[in-house]
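The following report describes one protein chain for a reader who is new to structural analysis. Please keep the sequence and the structure in view while reading.

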Amino acid sequence: ARSLVWAVSLRKIGSPLLNFIMFPLYTVASESGVMRMEATGLYTLTGEGEEKDLISCEEALNVIKKEYEYSSNATLENVSLRYVSIKKNNQYELTPAWFFKVKEEKRFQTGTGQASEEISVYYAVHAVTGNIMEKDG
């Protein structure tokens, strides 16, 4: 697969009210906290995109499997290919990354016996280089 890597800069219009109108931020929240946040119109393209080959989803998943140890009860819950912004000097580059959500049951000993809890771990793998960009959880 191939994708474009874009050079971009942050947009600035001036007044906070105009920024709010031009670059809306949508948030979905529940009693548990923020569920989703989305902002649009934050970047201005500063040049042509550069076409690059992407690693496959399977290759990205293998990167994570090599780097981190999972128990047999780990479940891959979500996979998506997204653009992420990476700061380079005073500009940003939008580059593709594979995002994975892995759910795992962690067992532990308590004073009264064994207990367990489900945790979710999120990973981002650079879709061009295959490097792990981030782990959260």
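## Charged pairs, a ring and a core

E105 is partly exposed, with 27% relative accessible area; partly exposed lies between buried (under 20% relative accessible area) and exposed (over 50%), for a 1.4 Å probe and protein chains only. The model is predicted: local features need pLDDT of at least 70, side-chain atom pairs count only at pLDDT 80 or more, and totals for chains, interfaces and linings use all residues. Residues are numbered from 1 along each chain as its sequence is written, and side-chain values use heavy atoms, with hydrogens and water left out.

### Salt bridges

E105 forms a salt bridge with R107 through their side chains, at 3.8 Å from N to O. A salt bridge is here a side-chain nitrogen of Lys or Arg within 4 Å of a carboxyl oxygen of Asp or Glu. R107 has 57% relative accessibility and counts as exposed. Three of them are listed below.

| Salt bridge | N to O distance |
|---|---|
| K101 and E77 | 2.9 Å |
| E77 and K103 | 3.0 Å |
| E105 and R107 | 3.8 Å |

Which strands hold K101 and E77? K101 lies in strand β7 and E77 in strand β6 (residues 75–88), so this pair ties together parts that are 24 residues apart in sequence. Strands (E, at least two residues) and helices (H or I, at least four) are DSSP runs, numbered from the N terminus. K101 is partly exposed at 21% relative accessibility, and E77 is partly exposed at 36%. The salt bridge between E77 and K103 likewise links distant parts of the chain, with E77 in strand β6 and K103 in strand β7, 26 residues apart. K103 is also partly exposed, at 25% relative accessibility. In general, side chains of opposite charge can pair when their charged atoms come close.

### The ring of F99

F99 is another residue of strand β7, and its relative accessible area of 21% makes F99 partly exposed. The charged end of R82 sits over the ring of F99, 4.8 Å from the ring centre; the rule asks for NZ of Lys or CZ of Arg within 6 Å of the ring centre and within 35 degrees of the ring normal. Apart from neighbours within four places in sequence, F99 is in contact (heavy atoms within 4.5 Å) with N78, V79, S80, R82, V84, Y123 and A124. The C-alpha atoms of F99 and L81 are 6.2 Å apart, although the two residues are 18 apart in sequence.

### The nonpolar core

The largest nonpolar core has 11 residues, among them W98, F100, V102 and Y123. Such a core is a set of buried Ala, Val, Leu, Ile, Met, Phe, Trp, Tyr and Cys residues joined through side-chain atoms within 4.5 Å. At least two residues of this core come from each of α2 (57–67), β7 (91–110) and β8 (113–126). In soluble globular proteins, nonpolar side chains tend to be buried together.

### The chain as a whole

The chain has 2 helices and 9 strands, in the order β-α-β-β-β-β-α-β-β-β-β from the N terminus. Of its 137 residues, 20% are buried. Among contacts between residues at least 6 apart in sequence, 56% join residues at least 24 apart.
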